[in-house]
Amino acid sequence: MADCIDCNAIIPYCTVMGSITIRQLDDALKHRLRLRAARHGRSMEDEARTILRNAAGEETTPAARQPAAAPERQSPRPIEITDHGKRVLLIIGGGIAAYKSLDLIRRLKQRGVAVRCVLTGAARQFITTLSAGALSGERVFTDLFDADTEFDVGHIRLARETDLILVAPATADLMAKMATGAADDLASAILLATERPVLIAPAMNPRMWSHAATRRNLATLLEDGVIVVGPNEGEMAEPGEAGLGRMAEPLEIIEAALTFLSAHSGKLLAGKSMLVTSGPTREPIDPVRYIANRSSGKQGHAIAAAAAEAGAEVTLVCGPVALPDPPGVNTIKVETAEEMLAAVNRSLPVDVGVFAAAVADWRVERAGANKMKKQAGRPPRLALTENPDILATVAHRMRGRPRLVIGFAAETERIAEHAKAKLARKGSDWIVANDVSQSTGVMGGDSNTVHLITRDGVESWPPQSKRDVARALVRRIAEALAETGG
Ligand code: CTP
């Protein structure tokens, strides 16, 4: 059925053969074209050319079908999609085409896609973890068993924390492992453990590609729902060898990946409600003076914005900040800790509570109704009293407690240790801890280096913008909600 795509369906999209733009096809047609291309072992572009040549009555002899070698090939048109917030796990197999995967990383990053790399043992014969790490800006994973336990991500999490797994180059060996369910190294274990979509870009010698075993494996993978891009025809690395087996060009692979990602960009938190506190509180001393802190509210506001972007119904309760209200968010402005607590209580119940506000720990016991007058040599004594702990109050609620309660820990020393203690003391499910020492520039700055403390341990995230921290947190929240029953 997938083969019944024909020129009548394709031709309306193309004015001349040279201007085929696969992305202009509608999704259903694209899907059928992709399957047909995979079955014939061609790239989607080549498949479309073949269909058009057939329509024009041309013979599609191997020579005629031979696409121009790479330099003459018409590149897919530049892709404008930016898929911010999307993540690709790139598994790089061991083939000469591995060098192209470095370009792939760069180009995906340019389009706003976060790329995490796994290199097979064979891939490391061709490229280094250093180059993949430098281009992706993330740690590169190679081993199934990692002694570096505190920061070990583990193959299950690698398999899960991505929107798409891309295998490029997908060698004959990797395809065979995928088809049979082998899991004897990190790459194959991830591929067996994942429920995420998998896109492969096969690359191998033409004889290996046409071998009955590879054909069987390909058929199994297609049946399993794996998406295939390429391979293309052309010269092989071995002198005098040519045929079908060259890995699709990075732009073709990106086109396939982004097409998939944009078609499946369902809202992660659709139908969920979230409450976020943000900014400082301001505790009056008298009508003109107050106690406050340096919090800018940037991180809390970014979380509210990212959650709204992900489809959640978001209430933001914020202290005085110099930031615009995030779009699509119900923003309630307060001044004091007590007002913040009251607004939070009114906003419950919610699925998730994120308490990012830097709430003043104390307030002046009796704020003056009138401006305090200066009396020479007699500075006033301010009697302070403790403010309610909003996070702890909500986390300890018997009724109306959010399913997931997330606190923040602004620390200046022994970050993980203090944050773990806060997790227990406040009764929250997670704590996002960061170093707010003045030298880090976190207070008021645009970037943040955080550690996520859960009951399972400590995860240290790389330095990134507050917006990216927010997006990563939203993804983790969506995963946690999905794990605990939607
Ligand atoms: N928090 C709160 N209400 C308070 C104080 C803090 O809701 N009165 C929340 C913050 O929003 C944050 C977490 O508690 O999510 C930790 O805040 P932090 O200021 O780091 O901790 P404190 O409890 O104030 O502890 P300390 O100042 O001793 O570090």
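The model is predicted, so local features are given only at pLDDT of at least 70 and side-chain atom pairs only at pLDDT 80 or more, while totals for chains, interfaces and linings use all residues. Residues are numbered from 1 along each chain as its sequence is written.

Next, select the eight strands of the open sheet, which follow the order β12-β11-β8-β13-β16-β17-β19-β20 with mixed pairing (two strands pair if DSSP finds at least two bridges between them). At its edges lie β12 (330–333) and β20 (457–460), each of which pairs on one side only. Within the sheet, β8 (residues 273–278) and β13 (residues 352–355) run parallel and are joined by four bridges; to see one of them, pick L275 and its bridge partner in β13, G353.

Contact here means C-beta atoms, placed from the backbone, within 7 Å, and angles run from 0 to 180 degrees between N-to-C directions of lines fitted to C-alpha atoms, for helices over the stretch in contact. Helix α17 (residues 466–483) lies across β13, β16, β17 (430–435) and β19 (450–454), and runs at about 145° to β16.

Then centre on the ligand, which 17 residues surround, the closest being F355, V359, I390, L391 and G407 (a residue is near if its C-beta atom, placed from the backbone, lies within 6 Å). Two or more residues of this shell come from each of α15 (390–395), β16 (404–411) and α16 (415–426), with β16 giving the largest share, four residues.

Finish at helix α6 (residues 129–136), where A132, L135 and S136 are buried. Seen down the axis of α6, these buried residues fall within an arc of 90° (taken over directions from the helix axis to the C-beta atoms), so they line one face of the helix. That buried side packs against β1 (87–92), α5 (98–110) and β2 (114–119), while the face turned away carries the exposed L130 and A134.

Methods:
Two residues are in contact if their C-beta atoms, placed from the backbone, lie within 7 Å. A residue is buried if 20 or more other C-beta atoms lie within 10 Å of its own, exposed if 12 or fewer, and partly exposed in between; C-beta atoms are placed from the backbone.
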